[in-house]
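Here is a friendly walk through a few backbone and packing details. Have the sequence and the model open as you read.

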Amino acid sequence: MTSANTLRHLCAHSDVTQRRQQMFQDEASPPPLTDLCLTYVSQNLDRFCVKRPDGSLCFREAVLFPQELADQLLAKMASEGLLNDSTVGVFRTCEYLRLRRACVRTARISAEAFQKALCPHRLLELDAARVNADLTIPDILQGLATNKYCQESLQRLVLTGLTMSSLEEPIRHRFSSLHGLRSLSLANVDFYDSGLVDVCSLPRLESLDLSNTSVTNLSPLLGLKERLRSLTLHQLKRLEMSTAQLLGVIGQLDALQHLDISDDKQFTSDVARQLLSQPGILPALVSLDVSGRKQVTDAAVRAFVEDRPGMSFVGLLATDAGFSDVLSGEGNLKVTGEANETQICEALRRYSEREGFVREALFHLFSMTHVMETPRADILKLVVLGMKNHPATLNVQLAASACVFNLTKQDLAAGMPVRLLSSVTQLLLEAMRTFPNHQQLQKNCLLSLCSDRILQEVPFNRFEAAKLVMQWLCNHEDQNMQRMAVAIISILAAKLSTEQTAQLGAELFIVKQLLQIVHQKATQGVVDATLKFTLSALWNLTDESPTTCRHFIENQGLDLFIKVLESFPNESSIQQKVLGLLNNIAEVGELHVELMVQSFLDHISSLLHSPEVEVSYFAAGILAHLTSRGKDTWTLSPELRASLLEQLHAVITKWPPPECEMVAYRSFNPFFPLLECFHTPGVQLWAAWAMQHVCSKNAARYCSMLLEEGGLLQLELVHTHPQTHKDVRLLAGSILESLQRHQARTGQHAHTHCSRHLPSPQ
């Protein structure tokens with residue numbers, strides 16, 4: 001490598017590194033305040049608006065938006081799927097929301113709403129790509145024709161993916177009436193030769209996209225030969241011109257700077273080869289795309305580029321070219337291809353809306369990211385773009401989900417911005433919903449979701465994710481994937497609200513499926529990650545969820561868990577999870593009768609004396625709940641109850657303080673009734689010990705929770721009550737001191753209400 005080449009390489013490498021760093025910073029930084037405000041307004045229009053008689057919305061107050069913000073608000077509403085006949089009504093007031101660059105991509109609006117809300121504006125640009133089928137191209141042309149100013153001012157019009165009217169309907173309004181139009185996209189439109197004649201009469205047209213249209217003859221383009229600068233002819237499926245005829249027309253477009261004749265259907269036409277070998281053709285060209293074309297060689301492309309020193313881009317994806325140093329894409333000449341990472345990323349960036357090319361680029365990216373060692377947010381962002389643009393295309397989602405795993409596995413996710421991971425996680429869930437029966441896709445998504453960073457720190461719809469993973473678990477028996485699925489569910493369930501957990505656990509099939517896995521492992525005598533995660537999932541799902549607890553009992557869960565305790569007598573981690581779940585069952589008063597079984601209580605009594613504090617603690621919790629309701633509800637011998645209460649108190653006083661937080665609670669509500677049990681100080685003692693433990697280990701969370709739930713008043717009453725046992729009073733005093741320190745540090749006020757009434761000291 002010469003010194004000049006070395007310098008160019010270093011400059012190019014530095015430029016790429018700076019772009020990566022900037023992209024990471026953009027994703028890692030908080031969203032701009034403007035963006036947050038526009039999101040809030042677009043999602044809460046009903047708060048700011050009133051309805052007109054026709055159902056459309058209108059702002060209550062006449063607020064003058066800066067013109068750029070009006071454009072951004074419209075684009076935000078469209079991208080968030082919030083633009084419809086009702087919401088688009090806010091743009092009818094042109095004097096307050098003035099649009100210049102209107103983007104309504106993928107919106108669901110009628111022709112009437114479009115005409116009333118958007119056409120009165122003095123538009124410079126209109127992007128209506130892939131709007132609903134009810135809004136046709138003739139509708140848009142007719143609407144624009146109602147504003148004489150638009151006919152002169154509109155410079156850019158994007159109609160990608162729209163429909164023309166039926167052949168029987170005459171088109172009364174034509175493109176040629178838009179005298180100021182400079183750029184027009186008709187990609188993926190059933191657009192015919194007669195329409196091309198009309199378009200080519202536009203006096204100022206400089207850029208034209210006819211990709212995937214029904215045009216058969218391009219001769220009308222000669223009417224634009226002195227001013228057409230950009231021509232995109234990607235995948236012209238019905239072209240009836242020979243290669244010589246086609247090049248005869250293209251070769252006369254003297255002003256052309258960008259030409260795209262790519263084809264992702266791999267047609268056998270040799271137009272690219274002949275174009276590259278034709279000397280002197282298109283001397284002003286700076287950008288040429290021949291991706292997907294046959295018979296394209298490095299030598300031909302290199303010679304073509306060398307004859308045009310101003311070339312800045314060559315598209316070579318899915319060709320046999322792009323493997324020489326000159327075409328690496330790492331210098332000033334950008335290249336799409338598959339020879340290296342730079343080319344692949346350029347392809348994902350430029351072809352994000354071309355399904356076939358996105359799939360092709362992702363396929364090569366997957367192979368290249370197998371050995372990724374550093375986080376690459378810039379690449380993941382490009383994968384996200386492809387997933388967003390092709391949500392219903394299986395091959396794209398399959399390749400993309402595999403790439404997501406490669407880019408986020410192990411420690412790589414830790415180096416990714418949370419906002420980017422949030423976007424990709426939502427897209428993975430959407431893919432799981434769209435293709436529920438495709439096993440490999442589901443596997444890819446589960447592999448990516450099974451990440452501590454994603455599950456613990458990234459915001460996404462965890463309730464929806466838990467449902468999707470449970471549905472997969474019920475329909476598949478792959479042992480490796482089963483382990484991941486239950487691991488995901490166990491973590492997600494702990495992150496859900498009490499209401500969501502109850503709603504999820506209320507699905508009978510979920511409890512049945514998890515119990516079936518536990519039964520399988522207990523029968524095999526196997527302690528593995530799958531069993532542990534399954535027990536954790538059931539533990540979290542039954543937390544403060546009486547319905548789920550009832551499902552557990554009705555499906556012989558108690559008998560099964562006794563079997564688990566018998567099968568693994570020396571596995572403290574298993575015992576802790578089993579007893580933790582049974583604590584949740586014991587919190588449900590109506591299920592106490594199900595637990596009044598001598599053999600069950602024998603097991604619990606034995607585990608109460610376990611040397612492992614974590615095991616003894618949960619065994620004590622079960623006994624505390626079962627004995628808390630008094631003698632009248634105890635259905636076994638009174639002597640057994642008295643003995644258990646005595647053991648309970650004695651064991652708790654001997655527990656050493658655990659080194660770390662051994663349990664997490666959603667609320668203290670289950671403990672408050674236990675604090676009222678002055679007739680059974682062992683029950684009070686367990687509740688006080690539990691509260692003191694978590695408040696001492698995680699004061700920020702649990703002291704705040706205790707104050708919020710009215711625990712301060714209840715603890716003060718317990719602390720001063722004459723019937724309180726000295727051991728309980730000591731712990732209550734310790735908790736009150738923790739609360740006082742927390743209040744002094746944070747200034748948090750306590751809720752003064754107390755929903756429960758303690759016995760009178762009289």
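In which loop does Leu282 lie? Leu282 belongs to the loop between helix H10 (271-277) and strand E10 (287-289). Please keep in mind that this is a predicted model.

**Two residues with positive phi**

Leu282 is a residue other than glycine with a positive phi, near 50°. Arg130 is likewise not a glycine, and its phi is positive, near 55°. You will find Arg130 in the loop between strand E4 (125-127) and helix H6 (137-145). Here are the two residues in a table:

| Residue | Phi | Relative accessibility |
|---|---|---|
| Arg130 | near 55° | 32% |
| Leu282 | near 50° | 2% |

Is Leu282 buried or exposed? Leu282 is buried, because its relative accessible area is 2% and the cut-off for buried is under 20%. Arg130, at 32%, counts as partly exposed, because that class runs between 20% and 50%.

**A pair of helices**

Now turn to helix H20 (residues 479-495) and helix H23 (residues 529-541), whose axes come within 8 Å and cross at roughly 30°. H20 is therefore roughly parallel to H23, since angles under 35 degrees count that way. The crossing in which H20 passes H23 is left-handed.

Which residues meet there? From H20 they include Val486, Ile489 and Ala493, and from H23 they include Phe533, Ala537 and Leu541.

Conventions. Residues numbered from 1 in each chain as written. Predicted model: local features only at pLDDT ≥ 70, side-chain atom pairs only at ≥ 80, totals over all residues. Heavy atoms only, no water. Helix = DSSP H or I, 4+ residues; strand = E, 2+ residues; numbered from the N terminus. Buried < 20%, exposed > 50% of the residue type's maximum accessible area, 1.4 Å probe, protein only. Axes fitted to C-alpha atoms, helices over the stretch in contact; angles between N-to-C directions. Parallel < 35°, antiparallel > 145°, perpendicular 65-115°, else oblique. Left-handed = near helix turned anticlockwise from the far one by under 90°. Contact = heavy atoms within 4.5 Å.
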